[in-house]
Amino acid sequence: MANTPHELAAEFPEFVEKMHELKVSDKHFAKLAEEYHELNRKVHAAETNVAPREELAEVDLRKRRGALKDEIYAYLKAN
């Protein structure tokens, strides 16, 4: 799983420096980023059949990841 798609740096390349700064200085953002990272790994594991899930469970993970990505984007724009 070294090349996991949808990492935050790939999703928001224009905010790479800002994300790094916020991960260090803002506990709320650090928590959001860690939660996204964990969800993204679960989605990737399900999609590659490393850790298969039922289709509805996989869809739910993708929806949660998308919602969290939207929240992170809004946070980056606001800060």
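## Overall fold

From the N terminus on, the elements of the chain run α-α-α-α. That makes 4 helices and 0 strands. Helices (H or I, at least four residues) and strands (E, at least two) are DSSP runs, numbered from the N terminus. The C-alpha trace spans about 35 × 25 × 20 Å along its principal axes.

This is a predicted model: local features need pLDDT of at least 70, side-chain atom pairs count only at pLDDT 80 or more, and totals for chains, interfaces and linings use all residues. Residues are numbered from 1 along each chain as its sequence is written, and side-chain values use heavy atoms, with hydrogens and water left out.

## Confidence

The predictor's confidence in each residue is called pLDDT, from 0 to 100. The chain averages a pLDDT of 93, and 96% of the residues score at least 70. Among the elements, helix α1 (residues 8-11) has the lowest mean, 95. Helix α2 (residues 16-25) has the highest, 97.

## Surface and contacts

Buried means under 20% relative accessible area, exposed means over 50%, and partly exposed lies in between (1.4 Å probe, protein chains only). Buried residues make up 30% of the 79 residues in the chain. The accessible surface comes to about 5300 Å². Carbon and sulfur atoms hold 52% of that surface. Accessible areas come from the Shrake-Rupley method with a 1.4 Å probe.

Contact means heavy atoms within 4.5 Å. Take the contacts with a separation of 6 or more: residues 24 or more positions apart account for 70% of them.

## A buried phenylalanine

Phe29 is found in helix α3. At 0% relative accessibility, Phe29 counts as buried. Leaving out residues up to four places away in sequence, Phe29 touches Met19, Leu22, Lys23, Ile72, Tyr75 and Leu76. Phe29 and Tyr75 are 46 residues apart in sequence. In space, their C-alpha atoms are 7.8 Å apart.

## Charges and salt bridges

Lys and Arg count as positive, Asp and Glu as negative; His and the chain ends are not counted. The chain has 13 positive and 16 negative side chains. Side chains of opposite charge can pair when their charged atoms come close. A salt bridge is a side-chain nitrogen of Lys or Arg within 4 Å of a carboxyl oxygen of Asp or Glu. The count comes to 5 salt bridges.

One of them joins Arg62 and Glu47, at 3.0 Å from N to O. Arg62 lies in helix α4 and Glu47 in helix α3, so this pair ties together parts that are 15 residues apart in sequence. Arg62 also meets Glu58, at 2.3 Å. Both Glu58 and Arg62 lie in helix α4, about one turn of the helix apart. Glu58 is buried at 13% relative accessibility, while Arg62 is partly exposed at 32%. Arg64 and Asp60 form another salt bridge, with their closest N and O atoms 3.8 Å apart. This pair also lies in helix α4, 4 residues apart. Salt bridges that share partners join Glu47, Glu58 and Arg62 into one network.

## An arginine without a partner

Arg65 lies in helix α4 (residues 55-78). Arg65 is buried yet has no salt bridge. The nearest side chain of opposite charge, Glu47, is 4.5 Å away. Beyond its neighbours within four places in sequence, Arg65 is in contact with His6, Tyr36, Leu39, Asn40 and Val43.

## Positive phi angles

His6 sits in the segment before α1. Its phi is near 70°, a positive value in a residue other than glycine. His6 is partly exposed, with a relative accessible area of 34%. Asn49 is found in the loop between α3 (27-47) and α4. Phi of Asn49 is near 60°, again positive in a residue other than glycine. At 57% relative accessibility, Asn49 counts as exposed.

Key: Charge placed at Lys NZ, Arg CZ, Asp CG, Glu CD.
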